[in-house]
Amino acid sequence: EAIILRDATPEDLAACYEIHCHYVENTSFTSWYNPRSFQAFVEKYIRTKSHGLPYLVWEDNNPGKVIGYRLYAPNITSFLSNGFPNVATGIAFIRKE
């Protein structure tokens, strides 16, 4: 079974948001207590891409079905101050079905 890793597009964001909400609501993996709004999620995508950082999705054999995503965000200290340092950390989320 092949899994495809590719750059995310705006069309992928609804699926990524669904995965994000699952992790926020059902795990302690994130520091969020409630999912951010979809608009805030889209703005994070735009901000990440505008700084040249990768935002990737995984698809399974069903093209267009996003099963996970990975984005690169600034390190936590700079993230909290809304800065974008030269060094980024990766965060990955995978859909479990």
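Select Glu59 and Arg6. Glu59 forms a salt bridge with Arg6, and their closest N and O atoms are 2.6 Å apart. (A salt bridge here is a side-chain nitrogen of Lys or Arg within 4 Å of a carboxyl oxygen of Asp or Glu.) Glu59 sits in strand S2 and Arg6 in strand S1 (residues 4-7), so the pair ties together parts 53 residues apart in sequence. Helices (H or I, at least four residues) and strands (E, at least two) are DSSP runs, numbered from the N terminus.

This is a predicted model: local features need pLDDT of at least 70, side-chain atom pairs count only at pLDDT 80 or more, and totals for chains, interfaces and linings use all residues. Residues are numbered from 1 along each chain as its sequence is written, and side-chain values use heavy atoms, with hydrogens and water left out.

The structure holds 2 salt bridges.

Which of these residues are buried, and which partly exposed? Buried means under 20% relative accessible area, exposed over 50%, partly exposed in between (1.4 Å probe, protein chains only). Asp12 is buried at 6%, and Glu59 is buried at 7%. Arg6 is partly exposed at 23%.

Next, select Leu13. Leaving aside neighbours within four places in sequence, Leu13 contacts (heavy atoms within 4.5 Å) Phe38, Phe41, Val42, Tyr45 and Tyr55.
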